[in-house]
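Please look over the model shown here before reading on. The report takes its parts in turn.

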Amino acid sequence: MELKNIVQEFICTENYKISQITNGLINSTYLLEDHDKREKYILQKINTSIFKNPKTIIHNHLEINNLLQKSDYHLKMVNPIHSISNQYLIKTENGEAWRMLSFIENSTTFLKVSDKKTAYKAAKTFGYFLNIINSESIVNIKESLPDFINFEKRMVDYNVSLKTASETLLKNSEKEIELINQLLDLPEKWIDMEKTQLLPKRIIHADPKISNILFDHNNDPLAVIDLDTIMISTILYDFGDMIRSYTNTTDEDDGNSENNFDPEIYEAVKAGFLLNLKENLTNIEIENLDYASQVVIYIQAVRFLTDYLNGDIYYSTNYPEHNLDRTRNQLMLLKGLREYLNRTL
């Protein structure tokens, strides 16, 4: 089915303009402007190689929006829009899955955190969002990404890759393997806390990067977006991934970076994250925020290195050592974080 036919399924007019948005990493995203209704929408082809059951992400999005609508949530929401046949998902004969979402006018996104003030605002916004969606018993959230936060499996996959990788790849990544292996015990506490159910199960965003917040012209947050990764897990993951993505002063694929950790942004993120959440977190969650930051960065380094050793089968790459550069970048970030935490203890 051609793109114009997909558009027809949703807005039933030929009087429109469509343009691709290229800063997404997973789905194919377009801005759709219906000139008849003078409305704008987001049209997306869902990456079904990652989201193997796209109905799940539609279900979760509707569940979360329902939770937000029942609360006094003061941010804007992105809403799924059904087709003219009353379907939230259009499937084509070749297996593509398409959806349409509402568009929030006069908004902008940032691909990188520019300063501690922005970091604080973003972390406060995610903390507020998480507090609202966890204010009652967990709703019927379905699993969209199985084993996404299964750190035990990540380590098993890494160890398998060490046994199956070519000699060339192993030789190229000797230093990185050594650094990873020096910290093999780092994720053990996390894995143990998960197994013994010491960490409460909560609804989390699971991709709380800065680009998943829309800002207004005053750089104030307007909306939390991209709810595809919503899942049930530990809230420590969201905090750790915010630290991983916000405190990095370089691009994620900069393998030559040094001193790429920003401690001021770290403290800003922690303060913002806890502002709305602190009263509702358990002591064990609060006590392990610093630890979570380290282990989430470490596991991301492990994932990049595993993919490199496996021949780049998961992450898209632009050159042979792309995943190795990503690994180096994460390891440098982890080094800076650990040095900072050791100084402040």
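The model is predicted.

**Strands**

β2 and β3 pair in the antiparallel sense. They form a hairpin, with four residues between them. R38 sits in that turn and has a positive phi of about 55°. β3 also runs antiparallel to β6. The table lists both pairings, each with one of its facing residue pairs.

| β2 and β3 | 28–34 and 39–46 | seven | T29 and Q44 |

**Nonpolar cores**

Which residues touch the most other members of the largest nonpolar core? They are I64, F129, W190, Y246 and F273, out of 86 residues in that core. Helix α11 gives the most to this core, with 13 residues. In soluble globular proteins, nonpolar side chains tend to be buried together.

F129 shows what such contacts look like. Leaving aside neighbours within four places in sequence, F129 is in contact with I64, L68, Y73, H205, V224, L227 and I230. I64 is itself one of the residues with the most contacts to other core members.

**Helix α9**

α9 covers residues 263–277, 15 residues in total. From first C-alpha to last, α9 reaches 21 Å, close to the 21 Å expected at 1.5 Å a residue. At its start, a side-chain oxygen of D262 comes to within 3.0 Å of the backbone nitrogen of E264.

The buried residues of α9 are I265, Y266, A268, V269, K270, G272, F273, L274 and L277. Their cover includes α3 (116–133), α8 (235–246), α11 and α12. F273, buried in α9, is also among the residues that touch the most other members of the largest core.

**E321**

Where is E321 found? E321 lies in the loop between α11 (289–309) and α12 (322–344).

Not counting residues up to four places away in sequence, E321 touches N172, Y308 and R328. A223 is 98 residues from E321 along the chain, and their C-alpha atoms are separated by 36 Å.

Notes:
Residues numbered from 1 in each chain as written. Predicted model: local features only at pLDDT ≥ 70, side-chain atom pairs only at ≥ 80, totals over all residues. Heavy atoms only, no water. Helix = DSSP H or I, 4+ residues; strand = E, 2+ residues; numbered from the N terminus. Contact = heavy atoms within 4.5 Å. Core = buried A, V, L, I, M, F, W, Y, C linked by side-chain atoms within 4.5 Å. Buried < 20%, exposed > 50% of the residue type's maximum accessible area, 1.4 Å probe, protein only. Pairing = 2+ DSSP bridges. Expected span 1.5 Å × (residues − 1). Polar contact = N/O pair within 3.5 Å; in protein donor to acceptor, adjacent residues only side chain to side chain.
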